[in-house]
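Biologist: Could you take me on a close look at the place where two chains meet? I am new to this, so please go one step at a time.

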Amino acid sequence: MNSNEKKIEKIIDYLTLILISIALYFAFIYAPLEKVMGAIQKIFYFHVASAWIAFFAFFITFLFSIIVLINEKKIYDEIASSSAEIGIIFCTIVLITGPIWAKPVWGVWWTWDPRLTTTLVLWFIYVGYLMLRKFVEEDDKKAKFSAVVGIIGFIDVPIVFMSIRWWRTIHPNVLQKGGGGLHPDMLKALIIAVIAFTFLYLSMLFKRVKVGLLEDKIKYLENKIRN
Amino acid sequence: MKNYIKTIFKIVEKDLILELKSKEVINSMLIFSLLVVIVFSFIFEPGAEYKDEIAAGILWMAITFSGVLGLNKSMINEINGGNLNALLLAPVDRSAIFFGKVFSNFLFLMLMELMTVPIFMVFYNINLFEKQFIGTLLVFIAGSYGFSVLGTLFSLISVKSKTRELMLPLLLLPLLVPIILASIQSLNIFYFSGSFENASKWLKLIGVFDIVFTCVIYIIFDFVVEE
């Protein structure tokens with residue numbers, strides 16, 4: 001890694017730190033308290049931001065999976081798989097914060113709404129992706145096979161969403177019609193949270209790719225010593 | 001194009017001859033699907049009214065689970081003795097070999113359904129084909145094809161992993177959500193109302209799934225198996 005990349009990484013790290021602090025301020029102090037739901041509504045900013053990052057991360061996995069199939073360079077596979085790992089983390093956060101919010105507001109922890117169900121299916125698809133990577137030994141096969149899951153899985157998501165939407169629906173449609181009745185200060189807090197989380201994602205991706213490349217180097221050196 | 005279809009046909013022919021000799025795949029699928037049908041019947045009390053509403057779901061669970069079983073068996077047959085690697089060395093289109101496997105898996109699935117569905121209808125005392133013969137038949141054909149396309153791809157991937165057949169359902173089931181959901185819904189609609197109009201969106205969904213994944217796999221398959 002050259003000094004330029006190190007500099008970029010440092011800038012992203014500090015930006016993340018600052019942006020997350022700002023996002024916390026906006027979510028907890030700046031944004032008004034929701035009249036009906038009260039404090040529990042605050043979870044919304046981080047819930048939506050995590051959902052956005054999860055989808056964005058899986059999109060990056062999809063993109064780099066296509067690149068892996070064309071160009072076998074190690075770094076692309078590393079980016080695809082690292083992004084999927086981070087996506088799983090944020091997807092898990094979505095699936096945990098959602099029920100915490102839903103219990104007092106809807107009265108149930110879980111409901112089979114399209115967005116909830118699609119997120120759950122998404123989570124399973126990418127857990128499968130990571131498990132496959134654990135269980136395939138040859139590096140080139142691992143890269144190609146997981147790229148297939150990365151591509152097929154991402155294409156499958158809108159079809160899953162459609163099918164479950166026809167099945168049933170009750171999720172609040174916040175993103176429709178320019179905010180859908182969201183207070184402008186709340187919208188501001190949401191946008192800042194999304195930006196902060198995007199930087200958090202980038203910072204995590206940078207580090208995970210670096211660790212992945214180092215792991216490969218160690219594996220390579222170990223093999224060299226053994227032979 | 002002519003050679004492409006010929007290759008597909010030859011692969012199907014090879015699998016059929018092998019299967020006629022051993023009958024391993026079709027027998028194990030059939031017995032397993034019947035077992036699922038029987039075991040699932042303990043969900044409701046004998047003669048319960050609501051059983052008609054869940055019957056299509058149970059049938060599709062039987063098809064899904066025994067389908068996974070059959071896919072594993074048929075792909076392990078290819079791996080044993082390096083058969084698949086030898087096939088891929090042949091100077092023909094690789095995706096033709098793949099689609100040959102898809103069609104033979106599809107054929108086995110249809111054969112299994114041909115025997116399971118009538119027995120199922122006797123046990124559950126319902127006639128799925130009563131109100132809408134063609135529609136119901138279409139659901140079985142299009143649904144099974146979608147199942148075979150993704151199933152064959154992921155059985156190819158999962159047999160190369162360390163956990164072998166364990167990996168297939170983990171990868172496949174979340175991706176098959178649209179097929180399973182749409183097949184069950186359209187079977188229910190056909191059984192209760194026989195109306196093509198109400199079920200048409202579900203049938204379209206299965207159609208979109210089949211076409212999209214056939215095209216995607218056709219495009220990416222050559223990149224996946226290149227040595």
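Modeller: Happy to! Let us begin with a term we will need: a salt bridge is a side-chain nitrogen of Lys or Arg within 4 Å of a carboxyl oxygen of Asp or Glu. Please keep in mind that this is a predicted model. By that rule, one salt bridge is found across the interface of chain A and chain B. Its partners are the side chains of A:Glu137 and B:Lys162, with 3.7 Å from N to O. That distance is within the 4 Å of the rule, so the pair counts. The interface of chain A and chain B also has two residue pairs in polar contact, both at pLDDT 80 or more.

Which helices of chain A each supply at least two residues of the side that touches chain B? They are helix H4, residues 114-135, and helix H5, residues 139-167. The largest share of that side of chain A comes from H5(A), with 17 residues. Sorted by kind, the residues on the side of chain A that touches chain B are 21 nonpolar, three polar and six charged.

Now for the contact as a whole. Chain A brings 30 residues to it and chain B brings 29 residues. The size of an interface is often given as the accessible area lost when the parts come together. Here chain A and chain B bury about 2700 Å² between them, and 82% of this lies on carbon and sulfur atoms. Three residues, A:Phe135, A:Ile152 and A:Trp166, supply 23% of the area that chain A buries against chain B, more than any other three residues.

Over all chains, the structure holds 30 aromatic pairs. A pair of aromatic rings is described by the distance of the centres and the angle of the planes. For A:Tyr126 and A:Tyr129, the ring centres are 6.1 Å apart and the planes stand at 50°, so this pair is tilted. Both residues sit in helix H4 of chain A, three residues apart, which is about one turn of the helix. Are they buried or exposed? Both A:Tyr126 and A:Tyr129 are buried.

One more stop, in helix H6 of chain A, residues 184-226, is A:Lys219. This lysine, A:Lys219, is partly exposed, at a relative accessible area of 37%. Setting aside neighbours within four places in sequence, A:Lys219 is in contact with A:Asp139 and A:Lys142.

Technical notes. Residues are numbered from 1 along each chain as its sequence is written. Chains are lettered from A and ligands numbered from 1 in the order in which they are written. This is a predicted model: local features need pLDDT of at least 70, side-chain atom pairs count only at pLDDT 80 or more; totals for chains, interfaces and linings use all residues. Side-chain values use heavy atoms; hydrogens and water are left out. Contact means heavy atoms within 4.5 Å. Buried area is the accessible area (1.4 Å probe) that two parts lose on being put together, summed over both. A polar contact is a pair of N or O atoms within 3.5 Å; within protein, one must be able to donate a hydrogen and the other to accept it, and residues adjacent in sequence count only if both atoms are side-chain atoms. Helices (H or I, at least four residues) and strands (E, at least two) are DSSP runs, numbered from the N terminus. Ala, Val, Leu, Ile, Met, Phe, Trp, Tyr, Cys and Pro count as nonpolar, Asp, Glu, Lys and Arg as charged, and the others, Gly among them, as polar. Rings of Phe, Tyr and Trp (its six-membered ring) pair if their centres lie within 6.5 Å; planes under 30 degrees apart count as stacked, over 60 as edge-to-face and the rest as tilted. Buried means under 20% relative accessible area, exposed over 50%, partly exposed in between (1.4 Å probe, protein chains only).
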